[in-house]
There are 4 protein chains.
Amino acid sequence: MTPSVISRNRLECLFDGIFAIAMTILVLELKVPDLADPHSAVEMGRKMAVYAPVFGSYVLSFVVLGLFWFRHNEQFHHCQFITNRMLVFQLVQLAMAAFFPFCAALLGRYPANSLSSVFYSGCVFIYLWAVWANWLVAKNAGALKPEALAGQYGRIRQRLRRSCLVITLLFGYTVFKLFAQ
Amino acid sequence: MTPSVISRNRLECLFDGIFAIAMTILVLELKVPDLADPHSAVEMGRKMAVYAPVFGSYVLSFVVLGLFWFRHNEQFHHCQFITNRMLVFQLVQLAMAAFFPFCAALLGRYPANSLSSVFYSGCVFIYLWAVWANWLVAKNAGALKPEALAGQYGRIRQRLRRSCLVITLLFGYTVFKLFAQ
Amino acid sequence: MTPSVISRNRLECLFDGIFAIAMTILVLELKVPDLADPHSAVEMGRKMAVYAPVFGSYVLSFVVLGLFWFRHNEQFHHCQFITNRMLVFQLVQLAMAAFFPFCAALLGRYPANSLSSVFYSGCVFIYLWAVWANWLVAKNAGALKPEALAGQYGRIRQRLRRSCLVITLLFGYTVFKLFAQ
Amino acid sequence: MTPSVISRNRLECLFDGIFAIAMTILVLELKVPDLADPHSAVEMGRKMAVYAPVFGSYVLSFVVLGLFWFRHNEQFHHCQFITNRMLVFQLVQLAMAAFFPFCAALLGRYPANSLSSVFYSGCVFIYLWAVWANWLVAKNAGALKPEALAGQYGRIRQRLRRSCLVITLLFGYTVFKLFAQ
């Protein structure tokens, strides 16, 4: 397959941009509480305690997005060019990353609702499968650097297979729990 | 015409930045619903179902912006410099891209309202004409690389002409429907 | 003076990022109206007509920020390095650019309120003076490229002086109008 | 230790992106007031005066983030590569930067509430300790350029130690004040 006209550099730019924004607007879900007594630290503390799951979801989501970003760096490092088919999977990843703050907000606000978990794990599920598909397509298209093929390719494919298995089980479990209610 | 003092690199940066943000804030229109029973997946599902058109508009708009970004890459790849006149058309494209989340929100919330379609298709309409104008101006200013002139120029111009024709018909149809009511 | 440790490239990145965001969140002020009849294009049109000044302010502000960005490119192009003192003026410009969406929202919502004009023109006023100061400081620090000194330096300084004069008069007029009420 | 696969350039991109967004969404906390008389500058002035602490918090936070960004440039300049352990501390810094707008909003809305100060200073506290840890880890991993080790390393470590001491005292004081109420 022929390389896409997309420059690696600009795809990185778009990727970093969307991740930077997704990681930052996670926090927009945290609202400054309305206080009856503006000087009361006790009241603020009590109202903030309600936000505890939102904070938890924020931290979890920041770590997840940070990990995704890290892994994307690693894989991109091994590619020498991008084909159009790879670009499609990259855009699926970006769509999920952009959608992530909504899932994080949902989970933060309704942590005990089984539908929240379906959304959250479903978003990660699609993301990870797109990463794996991208990796396989990259190999078949000859887009990986020769030294990556010799060394890292197998290790990363195996790790991705494991990640996809785990998230599929997790996603399946949340769907099962949703319908078993 | 003389090249602009604008460096290609920084225009790409601004472009990628605005597209990254537009693609990410599309999702801000999706609001976490207020639930009477926070544990009820059924209630959440019912309330989320109301958002179906918003989700649909989100996916459509993400695809449209992704396509625009992809095409911009392709054309930018063929330019060796930017003139000031080209910059004006680039900024029109950016203004439309920044305006896109509003149109997407309008269409998502009122999908059956004929004015929403006018806004949405009108935004794409202006964007595509600006792309075409940019392409013609680039050629006349001698900003295209010699190999682009020989090979891709004609093909891209033809594709743009077709896209502009289709969006003009679509836009005309939505305007007609608005007044035919 | 010695150059700052700031790389030109990263300052450009921050600048382009902040401008991209400021230009995009201008549109967040445009809210999708609440309609009694979701199918009524007439009602939507009437409610959108109320937003006419917000649209106007959006377009004006996009053009202003676009121009600022363009001019910044031009001047940055002539600098070979950044000193710490120049960095301060750059950060003042960035603070004003980040503050701009608020001023645009104020002007869009209350176009006839004299205080809105004071805020809006005041923001541009500080921005332009910071640009001018930056230009003079750059020259004194020897940060301009030799060919810029010969050719463009004087022309740009003169244009900046004129711009600063115009905005000072405009700002003064809005302040006068505020107190003359 | 071995360098991470993370390219310095992309980490800079993510860093600049998150800082650009954090610095820009600070302003989203400033809301256009609702006026009974849209033409009344006096009413707008009175309502804006209520926002004075929000403005103050905005300016302070912009300066703090600007300083952080400046210092990050300086230290990054001295590193020749990034190890995975350094990346963790960088992500902690980014998480704090992304969290900063919330703290700024809290302090701006409830400046006299002792819990706001705990949040605000706590955020800076974690940020600065992560910077220091990053610096020490960078040295131990041999990630600093040889000339940095000879010249700037000691000076920067000392400045960081001082900054960490000051913020720890300040943070301790706000915590003390919270419980001493």
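**The interface between chains A and B**

Chain B places 25 residues in contact with 28 residues of chain A, contact being defined by C-beta atoms, placed from the backbone, that lie within 7 Å. On chain B, the elements giving two or more residues to this side are α1 (8–25), α2 (41–49) and α3 (52–78); helices are DSSP runs of H or I with at least four residues, numbered from the N terminus. The largest share, nine residues, comes from α1(B).

By residue class, the side of chain B that touches chain A comprises 15 nonpolar, seven polar and three charged residues. Here Ala, Val, Leu, Ile, Met, Phe, Trp, Tyr, Cys and Pro count as nonpolar, Asp, Glu, Lys and Arg as charged, and the others, Gly among them, as polar.

Only 12% of the interface residues of chain B are also interface residues in chain A, so the copies meet through different surfaces.

**Chain pairs without contact**

Chains A and C do not touch, and their nearest C-alpha atoms are 9 Å apart. Chains B and D are likewise joined by no contact; their closest C-alpha atoms lie 9 Å apart.

**Conventions**

Residues are numbered from 1 along each chain as its sequence is written, and chains are lettered from A and ligands numbered from 1 in the order in which they are written. As the model is predicted, local features need pLDDT of at least 70 and side-chain atom pairs count only at pLDDT 80 or more, while totals for chains, interfaces and linings use all residues.

Note on methods: Contact = placed C-beta atoms within 7 Å.
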